[in-house]
Amino acid sequence: MDGETVTQLGAKVDPSRQRIAVDGVPIEMEQPVVLALNKPVAYLSTVSDPMGRRTVMQLLPPIRERVYPVGRLDYDTSGLLLFTNDGELTQRLLHPSREIEKVYRASVRGIVDREIRRALVEGVELEDGLTAPAKVEVVRQSDREDGVAVVHLAIHEGRNRQVRRMLERLGLPVLRLKRIAFGPISLGHLKTGEWRPLTQEEWVALYQAAGMTAPPYRRPTMRRESERKESKRSSARHRGPRRG
Ligand code: URA
């Protein structure tokens with residue numbers, strides 16, 4: 001490291017400032033990047049699917065960094081999904097102790113009356129226990145039981161299908177669910193299926209929300225055409241010959 005030989009196991013290095021080489025061969029460390037995607041419904045929030053269903057990875061641009069999703073959105077939920085290659089950032093953003101707020105826009109069948117609003121704010125008893133207090137804003141309301149209401153719900157827990165289960169427990173079937181904010185990052189005008197890098201201000205705010213000092217701001221690096229071709233060839237080699 002920086003010309004010095006390190007023999008100690010677990011020695012810490014800062015790849016943004018230090019040069020690292022093994023047996024004289026420089027190691028290229030990936031610098032952190034973060035990007036935001038507006039996930040459409042009918043995409044899995046996983047890196048790959050053994051059943052061959054569409055995954056959010058197919059919506060990302062050809063970038064050099066190996067990013068993965070920060071948490072999950074259900075198959076039938078759309079909206080803001082962050083991606084990064086920074087493992088510590090991911091871990092901290094998802095850790096319950098940090099209580100990072102996520103905001104969802106839900107269209108529901110029924111009337112979001114005062115009782116329901118109070119229940120959401122006080123906590124809803126689910127199979128896996130009482131939910132933490134949510135913030136609720138009714139954006140649109142109908143005066144008919146079979147009408148559609150739109151609510152914004154801010155929660156900081158990340159239980160499985162939590163928003164759907166909270167609303168359904170209160171007798172409000174969810175017709176559509178979209179995440180519109182994750183901590184300091186808002187979906188804004190990002191179109192469905194499109195991605196964008198974070199702005200520098202968002203980058204700093206996100207690392208701050210995670211309780212970390214932000215590394216130097218970077219945008220993802222696009223792979224060159226030749227690299228893309230090579231990666232296609234290599235994945236074809238790993239897949240083996242096509243059958244059928
Ligand atoms: N709550 C849900 O019900 N679904 C999601 O995808 C995220 C939060």
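This is a predicted model: local features need pLDDT of at least 70, side-chain atom pairs count only at pLDDT 80 or more; totals for chains, interfaces and linings use all residues.
**Close-up views of the ligand site and an aromatic cluster**

View 1. A backbone N or O atom of R164 is placed 3.0 Å from a ligand oxygen atom. For R161, a backbone N or O atom lies 3.3 Å from an oxygen atom of the ligand. The side chain of D74 contributes an N or O atom 2.7 Å from a ligand nitrogen atom. The ligand taken alone exposes 240 Å², of which the protein buries 95%.

**View 2. The shell around the ligand.** The surrounding residues are L73, D74, T77, Y104, R161, Q162, V163, R164 and L177. By class, four are nonpolar, two polar and three charged. Helix α3 (residues 162-169) supplies the largest share of this shell, three residues. The ligand lies between domain 1 (34-96 + 188-226) and domain 2 (101-182), because both give residues to the shell.

**View 3. The tilted pair of W203 and Y207.** The structure holds two aromatic pairs. In the pair of W203 and Y207, the ring centres are 5.2 Å apart and the planes stand at 55°, so the pair is tilted. Both residues belong to helix α4 (residues 200-209), where a spacing of four residues separates them by about one helical turn. W203 is buried at a relative accessible area of 1%, and Y207 is buried at 0%.

**View 4. The edge-to-face pair of W203 and Y217.** The ring centres of W203 and Y217 lie 5.6 Å apart with the planes at 85°, so this pair is edge-to-face. The pair links distant parts of the chain, 14 residues apart: W203 in helix α4 and Y217 in the loop between α4 and α5 (225-239). Y217 is partly exposed, with 24% relative accessibility. Ring pairs join W203, Y207 and Y217 into a cluster.

Note on methods. Residues are numbered from 1 along each chain as its sequence is written. Side-chain values use heavy atoms; hydrogens and water are left out. A residue is near a molecule or strand if one of its heavy atoms lies within 4 Å of it. A polar contact is a pair of N or O atoms within 3.5 Å; within protein, one must be able to donate a hydrogen and the other to accept it, and residues adjacent in sequence count only if both atoms are side-chain atoms. Accessible areas come from the Shrake-Rupley method with a 1.4 Å probe; for residues, only the protein chains shown count as cover. Helices (H or I, at least four residues) and strands (E, at least two) are DSSP runs, numbered from the N terminus. Ala, Val, Leu, Ile, Met, Phe, Trp, Tyr, Cys and Pro count as nonpolar, Asp, Glu, Lys and Arg as charged, and the others, Gly among them, as polar. Domain bounds come from an automatic or database domain assignment. Rings of Phe, Tyr and Trp (its six-membered ring) pair if their centres lie within 6.5 Å; planes under 30 degrees apart count as stacked, over 60 as edge-to-face and the rest as tilted. Buried means under 20% relative accessible area, exposed over 50%, partly exposed in between (1.4 Å probe, protein chains only).
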